[in-house]
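Morning, everyone. Let's look at a sheet and the helix that goes with it. Have the picture open while I talk.

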There are 2 protein chains.
Amino acid sequence: MTTDGAEFEEYADLGATTENAMEIAETSMDRVRELVPDETLADRIRQKSVHATGDPEFQHLVRFTGETDDEPVVAGARAVMDERPIVTDITMVKSGITGRGHDCPVRKAIGNGADLAAETGMTRTAASVLELDREGVYDDAIAVVGNAPTAALALADCIEDGTRPAVVVATPVGFVKAAESRNRLREVAADHGVPAITNVGRRGGSGLAAGLTNELVHVASDARDGTVELPE
Amino acid sequence: MTTDGAEFEEYADLGATTENAMEIAETSMDRVRELVPDETLADRIRQKSVHATGDPEFQHLVRFTGETDDEPVVAGARAVMDERPIVTDITMVKSGITGRGHDCPVRKAIGNGADLAAETGMTRTAASVLELDREGVYDDAIAVVGNAPTAALALADCIEDGTRPAVVVATPVGFVKAAESRNRLREVAADHGVPAITNVGRRGGSGLAAGLTNELVHVASDARDGTVELPE
């Protein structure tokens, strides 16, 4: 564990450590499984999107970039099993990443690149992504953007310039550039063979990004104990 | 400042520190103001709910417990001006609270009450709320629940037993007990004269709870500089 499980575990299903909480978490996912197909690995991400948003309709807003819908889920689970870093845009998303079921280092971009932001006038989140990219942090990483459209746009630029995350999870929320930033991420991810999990529309946010990333951790746990088999 | 502004500021509007980000934040709230009334203090919370969720419909899901819809907003802003503690359920919500524009200590419940959880089988989040309540932390505090229905239910029990937060902000999300926990909070809050901001339905979450709390901070800032006048 590289994150503080005692702090973070409350967020994820896996973190429901007392009987009462386990019961709520299981009943909750049971309800979700009545509302969302439960056949493919991509369905697990669709289920988690419904679980995280409390909205059955959200399953139709999730997008998978890859040869198949399952591909980004498999890529993400393998990256978790390979203990690749999980890199979030902001603190809030990092706080939502479960501390259990993985040994990936979890870090955030924000806090880096302050000089770059000051020099250029770009957002601190965008500058933080570009700064970490300079350090090679995003190659083979699980790159997660939950909040900042400018971070998603910066990550798209990095991919265009040669960076290759193992998987991208991007769900920035809002009325300005959020949907557009995810559109651009999908385009560059498709063009350059980077598996990605995103959504369409204005909705999204930190809780969703953390939830979907945690589901990659759960799939990895299931692959590790033989409950699911990941395709080659 | 009692929280690390450098870490947390990216979440709130107030945190948009570079030109580019300020522009996005302002344009975004301008769009929201085209979609949501902009007349009362309660409208500012409705606007923020739309901003945080990316969904114009969310304005109709917010509920205000008090003599008027504005009352909990005024109570919250006054509590911010009085530097009362902001107490969140989980780390993720705490991470979303802006570090700017207030001098309130910000703390989280989770991490407290582990013994109580182990003894009773209640959730760690519920036990953490009861433990902090024993210590008197919630009286006159800004009590925020973004994630855990059981924390909201525990807070309702505390209010029934005599605890008096300055204001409650509660938006737990999900399919099991989330809506029910908010119903119960509204009932006990109304019965005992505790101002509360909640929502109906299954949606909600940490980002929303943090956003609404940050809007109380913004209202307090505007009251401080005379942009808005708070009623007696």
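Predicted model: local features only at pLDDT ≥ 70, side-chain atom pairs only at ≥ 80, totals over all residues.

Start with the record. UniProt, in an unreviewed entry, lists residues 23-218 of chain A as "domain: Cobalamin biosynthesis precorrin-8X methylmutase CobH/CbiC". What is that stretch made of? Over residues 23-218 the chain is 52% helix and 11% strand. Its end C-alpha atoms are 18 Å apart.

Now the sheet in chain A. Six strands form it, and it is open. Read the order across: E1-E6-E5-E4-E2-E3. The pairing is mixed. Which strands sit at the edges? They are E1, residues 62-65, and E3, residues 106-108, and each pairs on one side only. From one strand to the next, the twist averages 20°.

A quick reminder on pairing. Strands of a sheet pair through backbone hydrogen bonds, either parallel or antiparallel.

Zoom in on E2 of chain A, residues 86-88. E2 and E3 run in the parallel sense, paired over three bridges. Take A:Thr88. Its bridge partner in E3 is A:Lys108.

Next, what packs on this sheet? Helix H10 of chain A does, residues 206-224. H10 touches E2, E4 (142-145), E5 (167-170) and E6 (196-199). The direction of H10 makes about 150° with that of E5.

Over to chain B. Here six strands form an open sheet in the order E1-E6-E5-E4-E2-E3, with mixed pairing. Why is one side of E1 and of E3 left without a neighbour in the sheet? Because E1 (62-65) and E3 (106-108) of chain B stand at the edges, each with a single partner strand. The twist averages 20° from one strand to the next.

In chain B, E2 (86-88) and E3 pair in the parallel sense, over three bridges. Find B:Val87. Opposite, in E3, stands B:Arg107. On this sheet packs H10 of chain B, touching E2, E4, E5 and E6. Its direction makes about 150° with that of E5 in chain B.

Let's finish on that helix. H10 of chain B covers residues 206-224, 19 residues in total. How far does H10 reach from its first C-alpha to its last? It reaches 27 Å, close to the 27 Å expected at 1.5 Å a residue. Is H10 of chain B mostly covered or mostly uncovered? Mostly covered: 18 of its 19 residues are buried. Just after the helix comes B:Gly226, with a positive phi of about 85°.

That's my tour. Thanks.

Technical notes: Residues numbered from 1 in each chain as written. Chains lettered and ligands numbered in written order. Heavy atoms only, no water. Pairing = 2+ DSSP bridges. Helix = DSSP H or I, 4+ residues; strand = E, 2+ residues; numbered from the N terminus. Axes fitted to C-alpha atoms, helices over the stretch in contact; angles between N-to-C directions. Contact = heavy atoms within 4.5 Å. Expected span 1.5 Å × (residues − 1). Buried < 20%, exposed > 50% of the residue type's maximum accessible area, 1.4 Å probe, protein only. UniProt positions renumbered as here; feature names shortened; annotations may be inferred.
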